[in-house]
Amino acid sequence: MRVHRQRPCRDTVNVYAGVRPVRWEEAPVRAALIGCGNMSRTWLRAALAIEGLTIVGLADLDRAAAIRLAGEFGLDDVAIAGGIDELLALARPDILFDVVVPAARHAVVRRALAAGCHVLSEKPLADTLEHAVDLVAAAADAGRVHAVMQNRRYVAGIRRLRRLIDAGALGDIDEVHCDFFKAPHFGGFREQMDHVLLLDMAIHSFDAARLLAGSDPANVMCREGNPRKSWYRAGASAAAVFSLPEGGVITYRGSWCANGLQTEWDSAWRIIGTRGSATWDGADRFAAEIVDGLPPGGELFAPLRAVPVPTLEPSDRIGGHAGVLRDFIDALRSGGEPETSSRRNFASLAMVLAAIESAEQQRPCELPRLPIELAQGHDA
Ligand SMILES: NC(=O)c1ccc[n+]([C@@H]2O[C@H](COP(=O)([O-])OP(=O)(O)OC[C@H]3O[C@@H](n4cnc5c(N)ncnc54)[C@H](O)[C@@H]3O)[C@@H](O)[C@H]2O)c1
């Protein structure tokens with residue numbers, strides 16, 4: 001599933017080098033939000049807390065939803081629109097917050113980038129591989145910042161594990177194991193869709209696993225099923241093994257219909273490096289242990305020593321949705337590239353799409369890659 005897109009070669013190494021920072025000091029920066037459904041309230045709460053940012057428009061195919069949302073947040077003067085074209089014409093935003101359903105994302109984001117907006121989209125970056133590559137390329141061509149709401153890497157536990165890894169305590173990371181077991185009765189579209197676990201939820205765990213591993217997998221073998229007790233139509237459980245460069249693995253086991261002994265929403269983790277291991281239960285229980293010398297003569301196991309998992313530092317970026325949104329705005333102010341820029345985030349979507357391909361075809365599959373001129377300078 002490798003994508004080779006025919007496009008002119010770029011001579012800049014970093015496509016973000018050409019992005020012009022927003023001139024924050026001169027006037028309030030204008031943002032509009034499209035997709036006034038469930039998640040839009042979380043977005044608006046985060047956006048309205050940012051100084052110097054003004055919400056100038058709301059849009060939804062269901063215009064009444066946009067009107068309702070404006071009323072709830074006391075946004076009396078904003079433009080109300082029934083779609084992206086009307087929103088861009090009426091509100092003339094600098095920034096688009098895209099909270100539409102995945103199937104509508106490509107058309108909405110393309111229009112916004114073409115109109116000169118910087119765009120922060122909900123996950124997933126796109127609904128297909130082709131759309132994802134096209135959007136990364138469109139943002140680079142437009143010279144605009146384009147990033148994805150990958151809020152579950154902006155949590156304290158993931159940042160603390162990453163800090164432990166960065167300190168070298170575990171040595172080089174060879175294995176990242178992730179368990180996600182929940183049993184929610186969502187009702188609605190999730191209970192009817194294909195690949196519900198892999199498509200709708202696993203991207204959060206896959207994205208955090210990439211961050212912890214510090215590298216992107218090359219291929220995956222995935223089995224997907226729908227257990228007898230499942231109240232979903234398809235794909236409520238899955239197990240995937242991703243191969244990392246240098247022989248390491250990321251493993252994922254998940255279920256949307258795991259009654260009893262459920263994990264936290266942020267999954268349960270075990271990280272294994274060349275010197276030791278760390279675990280996090282997804283809530284407040286951390287443990288780390290490292291090898292402390294050679295096994296004494298005749299002993300089976302090497303002696304071990306517990307090490308503390310570092311606490312958060314002020315520079316660690318957390319806050320879920322609010323954290324990603326703040327980082328996106330900081331990148332606009334400074335001219336930098338957000339941690340979840342679309343070209344960086346592409347690899348998380350690639351894990352999902354390759355896992356689905358592997359489950360459907362019942363064979364190992366390679367992860368798709370971005371064309372080289374878009375990917376250069378990217379990290380996990
Ligand atoms: N990051 C997270 O933790 C998280 C959690 C849940 C959902 N999501 C993501 O958020 C996005 C939205 O999910 P939701 O639960 O809010 O869905 P939702 O169905 O409640 O809301 C989506 C809204 O978008 C509107 N819409 C659809 N197409 C449109 C278009 N072309 N123009 C304007 N409006 C359009 C719909 O009318 C609807 O009101 C999805 O991408 C979903 O995957 C993320």
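Let's start at E339, which is buried, with a relative accessible area of 15%; buried here means under 20% relative accessible area, exposed over 50% and partly exposed in between, using a 1.4 Å probe and protein chains only. This is a predicted model, in which local features need pLDDT of at least 70 and side-chain atom pairs count only at pLDDT 80 or more, while totals for chains, interfaces and linings use all residues. Residues are numbered from 1 along each chain as its sequence is written, and side-chain values use heavy atoms, with hydrogens and water left out.

Where does E339 lie? You'll find E339 in the loop between α8 (321-334) and α9 (342-361); helices (H or I, at least four residues) and strands (E, at least two) are DSSP runs, numbered from the N terminus. Beyond its neighbours within four places in sequence, E339 is in contact (heavy atoms within 4.5 Å) with R153, Y154, R159, L211, R317, D327 and R344. Two of these partners deserve a look. The side chains of E339 and R153 are joined by a polar contact of 2.9 Å, and those of E339 and R159 by one of 3.0 Å. A polar contact is a pair of N or O atoms within 3.5 Å; within protein, one must be able to donate a hydrogen and the other to accept it, and residues adjacent in sequence count only if both atoms are side-chain atoms. R159 also forms a salt bridge with E339, with the closest N and O atoms 3.0 Å apart; the term covers a side-chain nitrogen of Lys or Arg within 4 Å of a carboxyl oxygen of Asp or Glu.

Now step back to the domains. The domain assignment (automatic or from a database) gives domain 1 (15-151 + 319-341) and domain 2 (155-306). Their centres, taken over C-alpha atoms, are 30 Å apart. Domain 1 brings 5 residues to the contact and domain 2 brings 7. About 620 Å² is buried between domain 1 and domain 2, with carbon and sulfur atoms giving 43% of that; buried area is the accessible area (1.4 Å probe) that two parts lose on being put together, summed over both. On the domain 1 side, K123, Q150 and E339 lose the most area to domain 2, together 68% of what that side buries. Between the two domains there are 2 salt bridges and 2 residue pairs in polar contact, both residues at pLDDT 80 or more.

K123 leads us to some backbone geometry. A cis peptide bond joins K123 and P124, with omega about -10 degrees, and P124 sits in the loop between β5 (118-122) and α5 (129-142). Most residues other than glycine have a negative phi, and most peptide bonds are trans. R92, not a glycine, has a positive phi near 40 degrees; R92 is in the loop between α3 (84-91) and β4 (95-98) and is exposed, at 56% relative accessible area. H195 is also not a glycine and has a positive phi of about 50 degrees. H195 belongs to the loop between β7 (173-181) and α7 (196-213), and counts as buried at 13% relative accessibility.

Last stop: L164, in helix α6 (residues 156-166). L164 counts as buried, at 3% relative accessibility. Apart from its neighbours within four places in sequence, L164 is in contact with A169, L170, A278, A288, P308, V309 and P310. V148 is 16 residues away along the chain, and 26 Å separate the C-alpha atoms of L164 and V148.
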